Amino acid sequence: CIAIASGKGGVGKTTIATNLALAFAKLGRSCLLIDFDLSMPSVDIAMGIKYEKSLKDALFNNVKIEDCIYNVDGCSVIPTSPIPTFFKDEENVRKLKSLVDKIKEKYEIILMDFPPGSNVELLDEFGKDLSLILVANPDKPSLVNSYNIKVIAQEKGCEVIGLVLNRAHDDIDIDNIEETLEMPVIAVLPEDNVVKESFNEGMPIVAVDEDREFSREIVDMAKFLLKYLKKAC
């Protein structure tokens, strides 16, 4: 189980989660992407899914979780409707963990698009079962937020795989960022307006333009993660 997380919203977390899920599918891996951003979900928008049943129904309306799964270019996806007060009740988080436990053995990789922020409730519940990829833009507030999330996650027993720098420019000092944040940068993704347009059109760029630099970097990250996970096992 890998969570795509960030210290704040608007850094491109969902764009990366959706494209990474499709990259795993392109590489022949069975991947399930779950929208955990229960306040402002957008995985369905990014992947062009028009759903009838969602994670919300599986949690609260006795719908089977299997009936909430949609296929997008070989990738399985569970979207959700907004549940603004979800994290105010610890029992809700336990239900969420139970649903993931029921279905995770059917997939090689479970990707979770986390809400922005510390997500202490999720980290407490999933603990050592969870690895994190942090997403940040190359500005100081975003990087500091990522460092803070890393510290919190490690205190909860979660593994932090590394940092993805999104909307990056050419003169970034990667070595300095890695040394300061005390974690590796596992991908550097360029600023690209076409990527934003593809999100709004519900067509992740990996699916429509595999030769674009952003797409190539995402696929390279997927390959790195597969090697990383195999080594970890």
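# Strands, salt bridges and a cavity

Val-160 in β7 is the bridge partner of Leu-132. The model is predicted, so its local features need pLDDT of at least 70 and side-chain atom pairs count only at pLDDT 80 or more, while totals for chains, interfaces and linings use all residues. Residues are numbered from 1 along each chain as its sequence is written, and side-chain values use heavy atoms, with hydrogens and water left out.

## Exercise: the neighbours of β7

Work out in which sense β7 pairs with β6 and with β8, and how the chain crosses between them.

Solution. Start with the elements: helices (H or I, at least four residues) and strands (E, at least two) are DSSP runs, numbered from the N terminus. Two strands pair if DSSP finds at least two bridges between them.

Step one: β6 (residues 131-136) and β7 are parallel partners, with six bridges. From β6 the chain passes through helix α6 (residues 140-155) to reach β7, in a right-handed β-α-β crossover. Right-handed here means that, with the strands pointing away from the viewer, the path from the first strand over the helix to the second runs clockwise.

Step two: β7 also pairs with β8 (residues 185-190), in the parallel sense and over four bridges. Here Leu-165 is opposite Val-188 of β8. The link from β7 to β8 runs through helix α7 (residues 174-181), and this β-α-β crossover is right-handed.

Step three: β7 (residues 159-168) is mostly covered, with eight of its 10 residues buried. Buried means under 20% relative accessible area, exposed over 50% and partly exposed in between, with a 1.4 Å probe and protein chains only.

## Exercise: salt bridges across the chain

Take the salt bridge of Glu-210 with Lys-26, and state which parts of the chain the pair ties together.

Solution. A salt bridge is a side-chain nitrogen of Lys or Arg within 4 Å of a carboxyl oxygen of Asp or Glu. By this rule the count is 13.

Step one: the N to O distance between Glu-210 and Lys-26 is 3.5 Å. Glu-210 is in the loop between α9 (205-208) and α10 (213-232), and Lys-26 is in helix α1 (residues 13-26), so the pair ties together parts 184 residues apart in sequence. Lys-26 counts as partly exposed, at 45% relative accessibility.

Step two: Arg-29 and Glu-108 form a salt bridge at 3.1 Å, N to O. This pair links the loop between α1 and β2 (31-35) with the loop between α4 and β5 (109-113), and its residues are 79 apart.

Step three: in the salt bridge of Asp-192 with Arg-212, the closest N and O atoms are 2.5 Å apart. Asp-192 is buried at 15% relative accessible area, whereas Arg-212 is partly exposed at 26%. Salt bridges with shared partners also join Lys-97, Asp-101, Lys-104 and Asp-129 into one network.

## Exercise: the cavity lining

Which classes of residue line the largest cavity?

Solution. On a 1 Å grid over the protein atoms alone, a cavity is a set of points where a 1.4 Å probe fits but cannot get out, and lining residues have an atom within 4 Å of a point.

Step one: the structure holds one cavity of 30 Å³ or more, and the largest cavity has about 30 Å³ of space. A volume is the space filled by probe spheres set on the points, which are joined across faces, edges and corners.

Step two: the lining includes Ile-34, Phe-36 and Leu-55. Helix α4 (residues 90-103) gives the most, four residues.

Step three: the lining has nine nonpolar, no polar and no charged residues. Ala, Val, Leu, Ile, Met, Phe, Trp, Tyr, Cys and Pro count as nonpolar, Asp, Glu, Lys and Arg as charged, and the others, Gly among them, as polar.

Terms used
On a 1 Å grid over the protein atoms alone, a cavity is a set of points where a 1.4 Å probe fits but cannot get out, and a pocket is an open set with protein on both sides within 12 Å along at least five of seven lines; lining residues have an atom within 4 Å of a point.
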